[in-house]
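Reader: Please take me through this model with care, and say for each term what cut-off lies behind it.

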Amino acid sequence: MAPPTQVAATSGEGDGADKPLVLLADPIIPEFEPELSAHYRLLPVAGADAAIAATARALLTVDLPAVTADLVAALPALELVVTSSVGVDHVDLAACRRRGIRVTNAGDAFSADAADFAVGLVVAALRRVAAADAYVRRGGWAAHGEYPVATKVSGKRVGIVGLGRIGSLVARRLAAFGCAVSYNSRSPKPSAPYKFFPSVLDLAADSDVVVLSCALTEETRHMVNREVMEALGKDGVLVNVGRGGLVDEPELVRCLREGVIGGAGLDVYEKEPDVPPELFGMDNVVLSDHRAVLTPESIRGALDMVAGRPLLSPVTL
Amino acid sequence: MESLGVLLLHPMDAYLEQELARRCRLLRFCWDAPPDRRDAFLRAHAGSVRAVVTGGVAGAGAALIDALPRLEIVACFSVGFDRVDLARCRERGVRVTNTPGVLTDDVADLAVGLAIAVLRRIPQADGYVRAGQWKAKGDFTLTTRFSGKRVGIIGLGRIGLAIARRVEAFGCPVSYYQRTKRDYPNYTFFPTVVELAATSDVLVVACSLNEQSRRIVSREVIDALGPGGVLVNIGRGGHVDEPELVAALAEGRLGGAGLDVFEDEPEVPEALVALDNVVLAPHMGSGTRETRRAMADVVLGNLEAHVSGKPLLTPVV
């Protein structure tokens, strides 16, 4: 999730004392606020007085800053951490496990939007939709003629890293475009009708497009490195709707500059909102501002989970 | 077919041109020259031109056909032939071919890619990031979900069906309008375009352009589609009442549009360039290396068949 605009949480009207207290690890997304404050008393954890900190049982986080071991230690009554994102790499799961604190994420609320956006980035990168739109807007079509030919999407080999909720929806969509779908994940999924590759390197070697839709963990950090990009090849395209940390970003920039890979569609970066400026001059790259999941429909879905029945999507600690 | 005099109306594809030069007697028309020079050229070469190779926008009008007394065949490097004077060709016994089938996937891919790009504002996000605004301003934009949107398709031919199959994978219910109702168990037929538009979130133009379909997307249809609706046009600019479309978009009476074609290409209405609820493409529906190559082979195959007295591969007339 992108860092939300700064909005102070309200504590609800009148009968605040009757509503359960939920501490906010980061400023709440404005769209969440009315619905949540109707049911909960919301206070920011930063600057919460000792009495509040001592009794708070629930903590709501969007994405950043991190829910660290120190934060958890400062909340001795904490029983539940709710994150409205899908990723939980910003939560110290080990610290939560030690304390018996349950962690839930937004489950399926965002999956369709993330998958749609991944497909949108694949098509935009291969067919140059964003670059061609800019070309038309600056008068290039009238002045210089047709946009150079791009690359066909149908029939391309697509390798998906992470066949979870998001990855499996990406697979279904791109299969309908006539793409040959294969995947890599921690373990093969017997019910998935796609070819499994035990390593990202093997997957990249057999793919024209690689889509990253897996969690960021110690094992997956920088999984896309130079070797993987060389295997993907000079006509290959990388699409990332997972986490910036999955990719060795400086190496990605080098590989794009040198033509080691053919293009990229990126929604996430290692140090958002910093984006390597060298990418701004590249026509074969599509850049977005970590918006893959940000639709009113997904926020409504996440709210249903968070405010309604949060423990339907507990994270395995 | 080394003795076949072929007039290439304008540059359209390097491979096609190279093959025509290698296998036929190729003449390149002075497309950009003033009218009197063009007329002089035609007079000078009238005796040797037996075939014309043209593009979808250029077509072949009565004046050109009349200027070439030895003309036997017009081979279009496009699936659209609305700018070829078929009546005049029939009168003269001139054959006409196009390039159906080989570009179906590309056009369908782009149609869906444009729909996602409009709804999720992909080119706008790209521009926002490239201009350094994500870092400077840090707002986030909510854009509406694509999955599940009701898709209405005008014309369920090869391209329309290919679009339907793709959007079904996103859980989009599919409806359609065409002159004759067919038996599609999963797609809902509407007898008028207005009714189709009224029940659609995304309306896609995927039919051929002829007398019945000219300006089929009228003011009434645009109004029925409404402020929540999006138009995607991968057909012909002539399918849409363009001034009405532009006004509706500028005034917010239509939610958005993804446009690959325009009434007077390469001119694009200035008012559209200022809007961020549109995605503009420079008629690149078939603009991939793979498909242009396949289209060129169809053109060459039709010319070969004609010269050897065999049935044409893809005759229109």
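Reader: Which residues does Leu20(B) touch, not counting residues up to four places away in sequence?

Author: The model is a predicted one, in which local features need pLDDT of at least 70, side-chain atom pairs count only at pLDDT 80 or more, and totals for chains, interfaces and linings use all residues. Residues are numbered from 1 along each chain as its sequence is written, chains are lettered from A and ligands numbered from 1 in the order in which they are written, and side-chain values use heavy atoms, with hydrogens and water left out. Contact here means heavy atoms within 4.5 Å. With residues up to four places away in sequence set aside, the partners of Leu20(B) are Val6(B), Leu8(B), Leu26(B), Val53(B), Leu300(B) and Leu303(B).

Reader: How many residues does the largest nonpolar core have?

Author: A nonpolar core is a set of buried Ala, Val, Leu, Ile, Met, Phe, Trp, Tyr and Cys residues joined through side-chain atoms within 4.5 Å, where buried means under 20% relative accessible area, exposed over 50% and partly exposed in between, with a 1.4 Å probe and protein chains only. Leu20(B), Val53(B) and Leu303(B) are among the residues with the most contacts inside the largest core. The size of that core is 150 residues.

Reader: Which helix gives the most to this core?

Author: Helices (H or I, at least four residues) and strands (E, at least two) are DSSP runs, numbered from the N terminus. The top contributor, with twelve residues, spans residues 111-127 of chain A and is helix 5.

Reader: How many residues are in the second, separate core?

Author: This second core is separate and includes Cys214(A), Leu252(A) and Cys255(A), together with Trp134(B). Its size is 34 residues.

Reader: What radius of gyration does chain B have?

Author: The radius is taken over C-alpha atoms, and the globule rule is 2.2 Å times the number of residues to the power 0.38. Because chain B has 317 residues, a compact globule would have a radius near 20 Å, and the value for the chain, which agrees, is 21 Å.

Reader: What share of the residues in chain B is buried?

Author: Chain B has 13 helices and twelve strands, and its C-alpha atoms fill a box of roughly 65 × 50 × 30 Å along the principal axes. Of its 317 residues, the buried share is 58%.

Reader: Is Leu103(B) buried or exposed?

Author: Leu103(B) lies in the loop between strand 5 (95-97) and helix 5 (104-119) of chain B. Beyond its neighbours within four places in sequence, its contacts are Val79(B), Ile159(B), Ser286(B), Thr291(B) and Met295(B). With a relative accessible area of 4%, Leu103(B) is buried.

Reader: What is the phi of Arg121(B), which is not a glycine?

Author: Arg121(B) sits in the loop between helix 5 and helix 6 (122-130) of chain B, and at a relative accessible area of 26% this residue is partly exposed. Its phi is positive, at about 55°.

Reader: Where in chain B is Arg215(B) found?

Author: Arg215(B) also has a positive phi, about 50°, although it is not a glycine, and at 38% relative accessibility Arg215(B) counts as partly exposed. Its place is the loop between strand 9 (202-205) and helix 10 (219-225).

Reader: What is the omega of the cis peptide bond from Glu265(B) to Pro266(B)?

Author: Pro266(B) lies in the loop between strand 11 (256-259) and helix 12 (270-273) of chain B. The bond from Glu265(B) to Pro266(B) is cis, and its omega is near 5°.
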